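Q: Please take a close look at one part of this structure: the place where the two chains meet. Then set it against the sheet in the partner chain.

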Amino acid sequence: MVFAPTSEWTSWGRVNRAPHHVARPTWRQDIPAVVAEGRQRFPSLLPVGLRRSYGDSVLNPAGAVIDMTGVDRMIAFDPATGVLRADAGLSFDALLRALVPRGFFLPVTPGTRFVTLGGAVANDVHGKNHHGAGTIGCWVRRLGLLRSDGREHDLGPDDETGLFAATIGGLGLTGIITWVELSLMPITSTMMDVETIAFDDLDGFFALAEASEQAFDYTVAWVDCLAGGARTGRGLFTRGRHAAAGPLEAGKAGGPTIPMDFPGFALNGLSIRAFNALYAWNGRRTAGNSIQHYQPFFYPLDAIGQWNRMYGQRGMFQYQSVVPPDAARDATAAMLRAIASAGEGSFLAVLKTFGDRPSPGMLSFPSPGTTLALDFPNRGDGTLALLARLDAIVREAGGKLYPAKDGRIPRDMFRAGYPGWERFASHVDPLMSSMFWNRVGP
Amino acid sequence: MTEITPQPGPRLRVLILGGTSGIAEATARLYAAEGADILLVGRDRTKLDTIAADLGVRGAGRAEVAISDLAAPADAAAELSGFAATLGGVDHILVAYGILGDQAEAARDAAAAERIMTVNFNSAAAWCLAAANLLESQGRGSLVVLGSVAGDRGRRQNFVYGAAKAGLAALVEGIAHRFAATGPRAVLVKPGPTITAMTAGMTRKGLLWAKPEAVAAVVRRAADKGGPVVYAPWFWRFIMLIIRFLPASIFNRLDI
Ligand SMILES: Cc1cc2nc3c(=O)[nH]c(=O)nc-3n(C[C@H](O)[C@H](O)[C@H](O)COP(=O)(O)OP(=O)(O)OC[C@H]3O[C@@H](n4cnc5c(N)ncnc54)[C@H](O)[C@@H]3O)c2cc1C
């Protein structure tokens, strides 16, 4: 009874839809019984959070999933040290609401606050401060991991078995993260000092990145991926830091929600072009210094709930790569050229350089170099052909793709990008699996 | 959604009977964000402690628990004043416990039917009457009680549960009437189907299922303002209006 069939079950990208069996426990102490029942009834299980992953790493139609979002309580918080211990299903949104007024912020946050602690750790998420702070895994002090044999492990960076390292970025495959103990970061204001600067080409981007990373905690750039020729790689560079003084106020709850799928034609090349032009114009208009609340700075897309529905019934692909520093400039230029010539626009082209702070995670995505993230509406074969061209560029440059965003990477490309995958596979729980792992695993 | 920020000045003291109910927990989180002092009453100490710890981190001034079998109060008045004393006085009382029961079983087995009525009506009525006296004696405060849209018209699916909730509705309306010219207030909140542990076994198809957070926002507001009967979410008021006025000749042919 705890696993109920659902007809509609998708990830954020909504390309794959399949009926699933889903259990949604509400108490941490109930999870072992859920796993025990799942073990009896299904060939495999997969824990999931708020399903903000784009591809098939949160899908498991061949088995069942355990939706962790009902297990969402905080266990303890010490304001003297800033250490929070909480259930894995707690969202960043709830965490921020409770702790921002007391002067604490997430040490690392992705571009949406609707992610769970467990999901963030299992993808080892990064943010705009990767060059200084590394990934979320760098800030995990301990975590609880329930394996399908019923044993719960209390793991920290001192773990010598490798299970902690495998679980950070472990894509839910090493077991169920039941709780996480995280070091939060003190802040004295919820406002951000932000500076936005336009750049004309990729050289401009790299120069700004280099000049900004010492003095600014957060950096990111938006690139107009429809601009070709001499203007390839033009965009807007944003850098910011927490303001030293100001109010301590958590932001407002979510904004309007997109109630239904947009028809496919809404996102044709023309509307993307118009959006990009508008965005660029708006960026130039507001270029310069500003002070803004952390919410629009970190979470601009959260203002529109379910914006993924803009891409219509067929959904979208997100494509995020990282390429090493030596190859970064040429590979990024080559990708932007391939996109411009394919005429497949991307609403969002986000460019950032990763720093060299290592993550404890075995399968962690970030590594030194430049990362480019792109959204493409799913138009079938044409889109897949473009993504395959991008794959070739990334592989040639010695780069890799981010599993959280992926739904189609070829097995050999995954393995080339993650040489630790075999060591990782030895820590995979025998009962855990996902569509992603079926595709790329052993 | 509106943002509630901690109020300067004395903290609100909130007593919740049935602290582990999904709607109660979601409501308690809203109170915690305001910095209120909260006492959770129920039977399961582990779950109550888990919730209390969470409310503490979420900003509650105090979050404590008391263990009691609410369905079988020996002396509701005495116990209630004990809870109030633990809090150092009480501003809001929320009666949130209840069981859905199994209608088919209740039709066969008198003991099962009686259990549904005892938990959802008899015992709840005892707490409400005691709360009414307490609030009247202090001349202020709110009593908020969770009813159900199921109490608006008996349906074959769950009419024992519905009857108990209908009885509770009449009782709370009566208390609100009695309070009308004085300080305290009493409100019955009638949620529609809500996604909580209570309904975990049901197929939650259709658009009318509400999240506990949405119902909690109504419950929290009801303690401060609004009429003696409030639907949650609001649209149930109109749906139930129609359902109540359907002639039996039509209603009895519908599979609802
Ligand atoms: C608008 C937007 C912006 C984003 N920006 C960024 C960004 O800047 N940086 C970045 O790194 N990512 C980014 N992402 C991706 C997102 O941060 C990650 O996918 C994140 O992990 C999602 O968390 P979730 O709770 O939704 O997890 P899910 O997507 O539900 O799950 C993620 C993975 O974690 C596993 N998992 C979930 N819960 C548990 C658990 N309790 N125990 C074990 N495994 C578990 C799942 O099996 C899955 O493999 C963005 C996504 C969106 C939609």
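**The contact between the chains**

A: Chain B and chain A have five residue pairs in polar contact, with both residues of each pair at pLDDT 80 or more. The model is a predicted one. On the chain B side, helix 1 (22–33) and helix 2 (45–57) each give at least two residues to the face that touches chain A. Helix 2 of chain B has the largest share of that face, with eight residues. By class, the chain B residues touching chain A are five nonpolar, six polar and six charged.

Now the whole contact. It draws 17 residues from chain B and 20 residues from chain A. About 1500 Å² is buried between the two chains. Carbon and sulfur atoms account for 55% of that area. Two salt bridges link chain B and chain A. In one salt bridge, the side chain of R73(A) meets that of E25(B), at 2.6 Å from N to O.

Next, the sheet in chain A. The sheet is open, has four strands in the order 1-2-4-3, and shows mixed pairing. Strand 1 (3–6) and strand 3 (45–48) of chain A have a single partner strand each, so one side of each lacks a neighbour in the sheet. From one strand to the next, the twist averages 35 degrees.

Strand 2 (residues 20–23) and strand 4 (residues 64–67) of chain A pair in the parallel sense, over two bridges. A23(A) has I66(A), in strand 4 of chain A, as its bridge partner. Helix 1 (residues 31–41) of chain A packs on this sheet and touches strand 1, strand 2, strand 3 and strand 4 of chain A. The direction of that helix makes about 60 degrees with that of strand 1 of chain A.

Note on methods. Residues numbered from 1 in each chain as written. Chains lettered and ligands numbered in written order. Predicted model: local features only at pLDDT ≥ 70, side-chain atom pairs only at ≥ 80, totals over all residues. Heavy atoms only, no water. Contact = heavy atoms within 4.5 Å. Buried area = accessible area lost by both parts, 1.4 Å probe. Salt bridge = Lys/Arg side-chain N within 4 Å of Asp/Glu carboxyl O. Polar contact = N/O pair within 3.5 Å; in protein donor to acceptor, adjacent residues only side chain to side chain. Nonpolar A, V, L, I, M, F, W, Y, C, P; charged D, E, K, R; others polar. Pairing = 2+ DSSP bridges. Axes fitted to C-alpha atoms, helices over the stretch in contact; angles between N-to-C directions.
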